[in-house]
Amino acid sequence: MTAPTSRVQPIDPATVRGDFPVLARQVHGKPLTYLDSANTGQTPNAVIEAVDSYYRQFNANVARAVHQLGDEATTAYEGARDKLAAFIGANTREELVFTSGTTQAINLVAYSYALPHLKPGDAILVTQMEHHANIVPWQLVCERTGATLKVAPITESGELIVDEFVKALTPEVKLAAFTHVSNVLGTVNPVRELAKACRQRGIASLIDGSQAAPHLPLDVKAIGCDFYAITGHKMAGPTGTGVLWARREHLDAMPPFFGGGEMIREVSFEGTTFADPPHKFEAGTPNISGFVGLGAAVDYLTGLGMERIAATEQELLAYATEKLSAVPGLRIFGTAPHKAAVISFLIEGAHAHDLATMLDLQGVAVRSGHHCAHPLMQFYGVPATVRASLAFYNTPEEVDRFIEALATVRKLLM
Ligand code: PLP
């Protein structure tokens, strides 16, 4: 991955697996082998207990109550913002807008930043490897403004062609939106270099960090982008939580996306003035318990150490890649030298969904399908792949179980 990982001590999965109750369960009478963390990561007890304690002990709305419970809820909710700000290397807590996930974060930028900025003839640059969440909002904005979408190409091995990306940063491009880590290929993009190229040309950059935040140390300041989006449920947190980090000057200039309670300073029938960022973008009662849980998730990941998480996952990735490469007829999609622990593959003569369904019967949970990346599937000329995605709580023994299950399934399908 991007950070040097060899100096740090990998995590012994035996010391953390007990933190994740779901990992102890069985499916179809077999021990669960959960290899779908790129889809949704599993949740440690610390997070489950934080959510539980919110409802049991201080369930109240944030910001508007003067009573003790409201104060405790607000402290925990806003405390999560401090933790997340430190986790991603933000300058200030005010640069973090809480959202329901990456999808909402990107839509917020699309409607509050891009929509007012774009005019006919302008363009937004994305890459061939984007998730639909980093394509469709831009298409919707392009339709409304007359701007167009440009696409930076990738190689067959699943690497962004950086020279082509830079060449595509022409004067009509007003925003470039690219993923930090591909959810299908695992490719880790050189985001500092890409953000720098954008900045040098006065082009705003948005990074989809959904698959990076759970797996590698982050520093948005060092990356030098304008916007960075993450989603909580992939980083040990509850579903329905996410963060948009943005430079303060953008948040100050952007109009609100949703209107309602919590985001105002003063309302009259003549007009409304808005709260300062980030609250200007957080209309209505937020997912309080979710963010209390996400704060606990950040504590958990930080306690383990992101460098150690990255090192552990790199070892597992190397082991799984070696084992999978020996399976006859198996093709891996995404072989970039810098990749996260995501392995997409197909086996000659077998459908992705059949493989995944039969692996499930062996207790192995993988994802099959287009992974919300139709254009990437079109690039490879396949309708779907199987994707095994690993996390620090997976073990080499689970990889072995997966490979054995795959051998059984292969025999049945061939
Ligand atoms: N971007 C990437 C790269 C993803 O992998 C995902 C989730 O699969 C998303 C965006 C969307 O995240 P969410 O559905 O949590 O908003």
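**Exercise 1. Find which side chains make polar contacts with the ligand, and how much of the ligand is buried.**

Start with Gln211: an N or O atom in its side chain sits 2.7 Å from an oxygen atom of the ligand. Here a polar contact is a pair of N or O atoms within 3.5 Å. Next comes Thr103, where the separation between a side-chain N or O atom and a ligand oxygen is 2.6 Å. Then turn to Ser210, whose polar side-chain atom is 3.2 Å from a ligand nitrogen. Finally, the protein buries 87% of the 390 Å² that the ligand exposes when taken alone (Shrake-Rupley method, 1.4 Å probe).

A word on the model: it is predicted, with local features needing pLDDT of at least 70 and side-chain atom pairs counting only at pLDDT 80 or more, while totals for chains, interfaces and linings use all residues. Residues are numbered from 1 along each chain as its sequence is written, and side-chain values use heavy atoms, leaving out hydrogens and water.

**Exercise 2. Describe the setting of Ala365.**

First, place Ala365 in the fold: it belongs to strand E15, residues 364–365 (strands are DSSP runs of at least two residues, numbered from the N terminus). Second, judge its burial: Ala365 is buried because its relative accessibility is 18%, and buried means under 20% relative accessible area with a 1.4 Å probe, protein chains only. Third, list its partners: beyond neighbours within four places in sequence, Ala365 touches Leu32, Thr33, Tyr34, Leu35 and Asp36 (contact means heavy atoms within 4.5 Å). Lastly, Arg387 is 22 residues away in sequence, with 9.7 Å between the C-alpha atoms of Ala365 and Arg387.

Note on methods: Polar contact = N/O pair within 3.5 Å; in protein donor to acceptor, adjacent residues only side chain to side chain. Helix = DSSP H or I, 4+ residues; strand = E, 2+ residues; numbered from the N terminus. Buried < 20%, exposed > 50% of the residue type's maximum accessible area, 1.4 Å probe, protein only.
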